[in-house]
Amino acid sequence: MDHSSDCDNSPNGPSKRRKRWIWIPVISLAILSGLVFAGFWKATAFHYVRLDRSDEALGIEPLAAVSADAPIDSPIDSPIDSPIDSPIDSPLDAPFDIALRSSSVASNKEPSSDQAGPQAAANGNPKPARAASANVKPQENVRSIALFGLDRRSPKERGRSDVILILSFDYANDKLKLTSLMRDLYVPIEGHGMAKLNAAYSYGGAALALKTINKTFGTDIRDYAAVDFEAMEKVVDAVGGVDIDVRADEIPVLNAYLRDLAGDGKSPAPVKEAGLQKLGGMQAVAYARIRYVGNADFERTERQRRVLAAIIGELKERGAAAVPELLLKLAPEVEMSLDRSAILSLAYRYFKEKDMQTEQNRFPLDGTWRSARTDDGQSVLETDLKQLKKQMQRYLYFDSGTASAADSALS
């Protein structure tokens, strides 16, 4: 008996089976898309570190009653928090005359001269500062991230943070601020007494370093990024190198550091001529390490800011569309407390604010510190920490006239 006609007309006949087959490519495509997305998500996973972001854990205190026109006492005449032997008399510890500089990221040009005057920042950004709403706390207009450059040769080491920079997005004033903190500043570190600022990272990693910075400078910093020499090389190479104006007297030391970074088995191209030129990753790191030309660490922090500003300039030229590709390249290299969504959000807002200008500074300011030696012979920078906190808060959170007021009060 032939049942074919009955089967064809049954609910489970060929038409029903054809409908089922239609869903197979749809489901497969969905699975494939999910795998691709998961692969990208995993591939762009930084060395993510989850931090306790509570105020207590990070040493964040209520913002002091500081305003742009508040008077500042002279730190040199104020009592010092910790006794130190008499200052050393060394030319390397003389202040570097570059308290404040500003440059345009769009043009990626360095200032034409060393402007230490209080109006350097204002001249670099002709737009008047926007007043923050009375209902908004000053620090809510500023998002800051601590950037640590570690002096380690292996990821297994913790290392010291020989480079300490604060990257601040000042949305109220359309400014991106790059602020160096001197690594030899003598500060209290919880559980370790008085020590150099860069020792905090070696004692307790990024968490203790952030807490020390926040308590010392009165800042509200809840995130960080850390790189070692090799990772920084890859960051620079990922953006295609950076344009740096190398001086003739810097070349021998730069090349010496270059050979040190290369070690065995590498043959990096030495820098042969002075002038504006494109530096690759290893060359840029060697340049940023130069210490024994000019004014020691003071001038070295300027080189570090110059390299970072050049990286930002390269990113700005590429635009927001380049961010995902850079995440893929740099994900394995950078340790961060920021997740992908936070990074993309920051990048989107930065590129949206097309007229944000880059401004540079360094603390402690010129004229506000003394070189000294500790009992065990370490060379440190001594300052009045209370006044330092006021100056930093004025610069980061009140902006207009902050560094100017500090400079004029201390002159």
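Buried means under 20% relative accessible area, exposed over 50%, and partly exposed in between, with a 1.4 Å probe and protein chains only. The model is predicted, so local features need pLDDT of at least 70 and side-chain atom pairs count only at pLDDT 80 or more, while totals for chains, interfaces and linings use all residues. Residues are numbered from 1 along each chain as its sequence is written, and side-chain values use heavy atoms, with hydrogens and water left out.

**Exercise 1.** Find how Lys329 and Glu325 are paired, and classify each by accessibility.

Solution. Step 1: a salt bridge is a side-chain nitrogen of Lys or Arg within 4 Å of a carboxyl oxygen of Asp or Glu. Step 2: Lys329 and Glu325 form one, at 3.6 Å from N to O. Step 3: helices (H or I, at least four residues) and strands (E, at least two) are DSSP runs, numbered from the N terminus. Step 4: the two residues sit four apart in helix α10 (residues 323–330), so about one helical turn separates them. Step 5: Lys329 has 43% relative accessibility and is therefore partly exposed; Glu325, at 44%, is partly exposed.

**Exercise 2.** Locate the two partners of the salt bridge between Arg53 and Asp223.

Solution. Step 1: the N to O distance is 2.3 Å. Step 2: Arg53 lies in the loop between β1 (47–48) and α3 (55–58), and Asp223 in strand β8 (residues 223–227), so the pair ties together parts 170 residues apart in sequence. Step 3: Arg53 is partly exposed at 31% relative accessibility, whereas Asp223 is buried at 4%.

**Exercise 3.** Describe how helix α7 (residues 251–262) packs on helix α8 (residues 281–288).

Solution. Step 1: the angle is about 120° and the axes are 8 Å apart; axes are lines fitted to C-alpha atoms, for helices over the stretch in contact, and angles run from 0 to 180 degrees between N-to-C directions. Step 2: contact means heavy atoms within 4.5 Å. The contact includes Leu254 and Tyr257 of α7 and Met282 and Gln283 of α8.
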